[in-house]
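Welcome, and please take a look at the model below. The report that follows walks through its charged pairs, its cores, its surface and its overall layout.

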Amino acid sequence: MPRSNIYQHRIAFSDCDPAQIVFFANYFRWFDTSSFEFFVACGVPPWRETAEKGGIIGTPLVNATATFMNSATYGEDVKIESWVDEWRTKSFVMRHVARRGETVLAEGQDIRVFAIKDPEHPTRIKAVPIPPEIRALCE
């Protein structure tokens, strides 16, 4: 298995719907946070630092899917394990598994790109080839 990182979150009451189970959209929020934490754990500087140097401003999401297997509720601890499943030219596939103990709650997959501010259109961003130094840190 490729290099992975685990992000831990204690489910808050506000993470739940009226049935007191985690509202599905929160898994996507946690997957996004886990993705960022993966890069930090690999030694990649925070995006604000890379952006200040005229480089990468982040890894915007271009596609996200999830499968929900078991419910969870407030007060429980969930661990999200994340890793890069596939490196492409300008994009990469990130996988996430959310667990409560050994029980899999949800699995997610997202496709992201490395982006810079578009020099030709200052209000837009532009996907760029994956920086080899970042890929090397994360493999």
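## Charged pairs, cores and surface

R112 is a buried residue, with a relative accessible area of 3%. This is a predicted model, so please read every value here as computed from it.

Let us stay with R112 for a moment. Its salt-bridge partner is D32, and the closest N and O atoms of the two lie 2.6 Å apart. The pair ties together distant parts of the chain, since D32 belongs to helix 1 and R112 to strand 5, 80 residues apart.

| Salt bridge | Closest N and O atoms | Relative accessible area |
|---|---|---|
| R88 and E86 | 3.2 Å | R88 35%, E86 37% |
| R135 and E139 | 2.8 Å | R135 32%, E139 53% |

Both R88 and E86 are partly exposed. In the pair of R135 and E139, R135 is partly exposed, whereas E139 is exposed. Shared partners also matter here: salt bridges join D32, D110 and R112 into one network.

D118 is buried yet has no salt bridge.

The largest nonpolar core has 16 residues, and F39, W87, F92, F114, I134 and C138 are the members that touch the most others. Several elements contribute: helix 1 (24–41), strand 3 (77–87), strand 4 (91–100), strand 5 (103–117) and helix 3 (132–138) each supply at least two residues of this core. A second, separate core holds 13 residues, including Y7, I11, C16 and L105.

Which residues does F39 contact, leaving aside neighbours within four places in sequence? They are V44, W47, T59, W87, F92, M94, F114, I134 and C138.

F23, F24 and F68 make a nonpolar surface patch of about 300 Å². Of these, F68 is placed in strand 2 (residues 61–68) and is partly exposed, with a relative accessible area of 41%.

Finally, step back to the whole chain. Its secondary structure comes to 3 helices and 6 strands, which follow the pattern β-α-α-β-β-β-β-β-α along the sequence. The C-alpha trace spans about 50 × 35 × 25 Å along its principal axes. Of the 139 residues, 38% are buried. Among contacts with a separation of 6 or more, 63% are between residues 24 or more positions apart. The chain exposes about 7900 Å², with carbon and sulfur atoms supplying 52% of that area.

Terms used: Residues numbered from 1 in each chain as written. Predicted model: local features only at pLDDT ≥ 70, side-chain atom pairs only at ≥ 80, totals over all residues. Heavy atoms only, no water. Core = buried A, V, L, I, M, F, W, Y, C linked by side-chain atoms within 4.5 Å. Buried < 20%, exposed > 50% of the residue type's maximum accessible area, 1.4 Å probe, protein only. Helix = DSSP H or I, 4+ residues; strand = E, 2+ residues; numbered from the N terminus. Contact = heavy atoms within 4.5 Å. Salt bridge = Lys/Arg side-chain N within 4 Å of Asp/Glu carboxyl O. Lys, Arg positive; Asp, Glu negative; His and termini not counted. Patch = residues over 30% accessible without salt bridge, like charges linked within 9 Å, V, L, I, M, F, W, Y side chains within 5 Å. Areas by Shrake-Rupley, 256 points an atom, 1.4 Å probe, with all protein chains shown as cover.
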